[in-house]
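Hi,

Here is the structure I promised to pass on. My notes on it follow below; have a look at the model first, then read on.

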Amino acid sequence: MEDPEKMTKEEKYRYIFEDKSFEGRPRVKWITDCLLGDIRTFLDGIENYTDNKERFAFKPRPRGGGNLSVPILICTALEFVSRLYVGETKFTSREGYNAKENTKKFIEKYFPEKYKAIPSLLWDGVRNGLVHTFSLKLFKYGNNYIRFQFYVEDRNIPSRIKKVNDTIVISINVFELYKILENAIENYLEELKKDENEALRDNFIKAWSSIDEYLREITGKRGYQDDAKALLDYFRFKL
């Protein structure tokens, strides 16, 4: 893992903004072009589908609106940049990696006010709900319930919150949430570029290098060892 304390200011800048040893492009460009680019590809597909549903009417299997996959991708990108912002990954933390706390710090710093008020609910209800159970979590607070829902049907309808009887419903436009994330990341990277005390750059380097340089030793681990042996046996047979 890279040690920022042993790097000059110029070396830190080059690592983040100029060095192309990671997949042939600067690391910040990988974030904007690859990480966010993948989400934009999905959103382009959703736009194409919702604007031209008649073209898909005779396909053998139905198409979805992206309400499951896109929020997962957005949360994945949010978690990644939050790691860089805080400078913590499960490979750097001695006390245990805490994704919820990391994303909370990033949301409170770079997201609009209406999201800054509910970072824990947003992360647990959306990311943990969709990734672990493939459905959004429902919360109970006193005699009230809190639930999320996503929509893509009309990209121009803003996200909104309403109370229906004893349930607070937070409706999020997927396109709007992506734009909020994109703006937040752009603001973070701009701040990173003109970082005066270098703390943000140090965090970025520690987190990124801990992921990039991680190597898992599987010798002697059952399951992994069996799979690795099967691969080696396959090539011995091919030779």
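Let me begin with Lys114, which is partly exposed at a relative accessible area of 48% (buried means under 20%, exposed over 50%, partly exposed in between, with a 1.4 Å probe and protein chains only). Before going further, please note that this is a predicted model, in which local features need pLDDT of at least 70, side-chain atom pairs count only at pLDDT 80 or more, and totals for chains, interfaces and linings use all residues. Residues are numbered from 1 along each chain as its sequence is written, and side-chain values use heavy atoms, with hydrogens and water left out.

Salt bridges

Lys114 forms a salt bridge with Glu176, with 3.3 Å between the closest N and O atoms (the criterion is a side-chain nitrogen of Lys or Arg within 4 Å of a carboxyl oxygen of Asp or Glu). This pair links distant parts of the chain, since Lys114 is in helix 5 (residues 113-116) and Glu176 in helix 7, 62 residues apart. Helices here are DSSP runs of H or I with at least four residues, strands are runs of E with at least two, and both are numbered from the N terminus.

Over the whole structure, the search finds 15 salt bridges. Another of them joins the side chains of Glu79 and Arg127 (3.7 Å, N to O). Glu79 lies in helix 3 and Arg127 in helix 6, so this bridge ties together parts that are 48 residues apart in sequence. Glu79 is buried, with a relative accessible area of 11%. Asp33 and Lys29 also meet through their side chains, at 3.4 Å from N to O; these two are four residues apart in helix 2, which means about one helical turn between them.

There is a network too: salt bridges link Lys12, Glu198 and Asp202. Glu198 sits in the loop between helix 7 (174-193) and helix 8 (199-212), and counts as buried at 16% relative accessibility. Its side chain makes a polar contact with that of Lys12 at 2.8 Å (a pair of N or O atoms within 3.5 Å; within protein, one must be able to donate a hydrogen and the other to accept it, and residues adjacent in sequence count only if both atoms are side-chain atoms).

Aromatic rings

Rings of Phe, Tyr and Trp (its six-membered ring) pair if their centres lie within 6.5 Å; planes under 30 degrees apart count as stacked, over 60 as edge-to-face and the rest as tilted. By this rule the count comes to 17 aromatic pairs. One of these is the edge-to-face pair of Tyr85 and Tyr110, at 5.5 Å centre to centre with 75° between the planes. Tyr85 belongs to helix 3 (residues 69-86) and Tyr110 to helix 4 (residues 99-110), 25 residues apart. Both Tyr85 and Tyr110 are buried. Phe106 and Phe111 make an edge-to-face pair as well, at 6.4 Å and 75°. Ring pairs join Tyr85, Phe106, Tyr110, Phe111, Tyr115 and Tyr188 into a cluster.

Backbone points

Two backbone angles deserve a look. Glu23 has a positive phi of about 55° although it is not a glycine, and is found in the loop between helix 1 (9-18) and helix 2 (27-51). Phe134 has a positive phi near 60°, and its place is in the loop between helix 6 (119-133) and strand 1 (138-141). For context, most residues other than glycine have a negative phi. At 59% relative accessibility, Phe134 counts as exposed.

Best wishes
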